[in-house]
Amino acid sequence: MSKWPIGVFASIDAGLGVHLEVARELGVPTIQVHAPHAGTRNPAAAAAFLKKCSDAGITITAVFGGFEGESYADIATTAKTVGLVPEVTRAARVQEMKEISDFTKLLGCNTVALHIGFVPEDSASASYKDLITVTRDLLDHIKANGQNLHLETGQESADHLLHFISDVQRDNLFINFDPANMILYGTGEPIAALKKVGHLVRSIHCKDAKWAPVEVRGTGWGQEVPLGDGDVGMENYLRTLLAIGYTGPLTIEREIPQDPVRQKADIGQAVKILTTLREKILGT
Ligand code: MG
């Protein structure tokens, strides 16, 4: 695969991504996909989806896990409901994530990814220690499938995420870097964060956002906007990716599934912006 192929975040039947059709119509050669619902995680569904991808010349580069009951309504609700962190659903979701890893193997893909949730601040707490234990267990299952796990950024600062990954002590745990999430959650300036975690970045999102007003930053959402209209600074972002040696896909994410017409138009515009920047920076 060439350096920095354009990609888009897509969905099969769950999650906020676009339909495969949109990727095909935009001529995008790679996708990350949100894992489908449990009922459609079977060999027949995997074979059917793979056939559609291969007919369209599209490579699946990562499969994102997601769970029933997750809500991104506001930052507090996100902390309570998202990922493996909430204790009431932790064991069931670890089990489901293993099943998603198995489904990912059926798709011929060696990368699973997820929002693990708001990792507890106190690394001496029982909740943090148990999170380490279950994450190791999950990573061992994923490793047996020949896969790596990429953690989505944003819910922790770069330092806190590095601390957690170091505590897990497994060699198949990496990062899916999303610069807009750092802004949306107010967890740190994205370019500085990327430089800090760069050695662990194995996949990325191209998404843009504007900071929340200073008085509510960290408690209130920033605003997701079309790529190029926000505070990330796309050229600086791509130049930093080059500097850290990142060669993987540039996967566009635009999380407005309630408006599929605008979602497709914004992604089309993002493809143009990234294609131009890619040529400017790489010269190819
Ligand atoms: Mg993202």
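Biologist: Where is Ser125 found?
Modeller: Ser125 sits in the loop between β4 (111-114) and α5 (126-144). Helices (H or I, at least four residues) and strands (E, at least two) are DSSP runs, numbered from the N terminus. This is a predicted model: local features need pLDDT of at least 70, side-chain atom pairs count only at pLDDT 80 or more, and totals for chains, interfaces and linings use all residues. Residues are numbered from 1 along each chain as its sequence is written, and side-chain values use heavy atoms, with hydrogens and water left out.

Biologist: Is Ser125 buried or exposed?
Modeller: Ser125 is buried, at 18% relative accessible area. Buried means under 20%, exposed over 50%, partly exposed in between (1.4 Å probe, protein chains only).

Biologist: And what does the Ser125 side chain reach?
Modeller: The backbone oxygen of Asp122, at 2.8 Å.

Biologist: Switching to the metal. Which residues coordinate the magnesium ion?
Modeller: Glu152 (OE), Asp178 (OD), His205 (ND1) and Glu253 (OE), at 2.0 to 2.2 Å. Donors are N, O and S atoms within 2.8 Å of the metal (3.2 Å for Na, K and Ca); water is not among the atoms, so sites may look incomplete.

Biologist: How are the donor residues spaced in sequence?
Modeller: E-x25-D-x26-H-x47-E. Asp178 lies in the loop between β6 (173-177) and α7 (179-185), and His205 in strand β7 (residues 201-206), so the pair ties together parts 27 residues apart in sequence.

Biologist: Are Asp178 and His205 buried or exposed?
Modeller: Asp178 is buried, and so is His205.

Biologist: Last one. Where does Ala192 lie?
Modeller: In helix α8 (residues 190-197). Ala192 is partly exposed, at 42% relative accessible area. Ala192 and Ala158 are 8.8 Å apart in space, C-alpha to C-alpha, and 34 residues apart in sequence.

Terms used
Polar contact = N/O pair within 3.5 Å; in protein donor to acceptor, adjacent residues only side chain to side chain.
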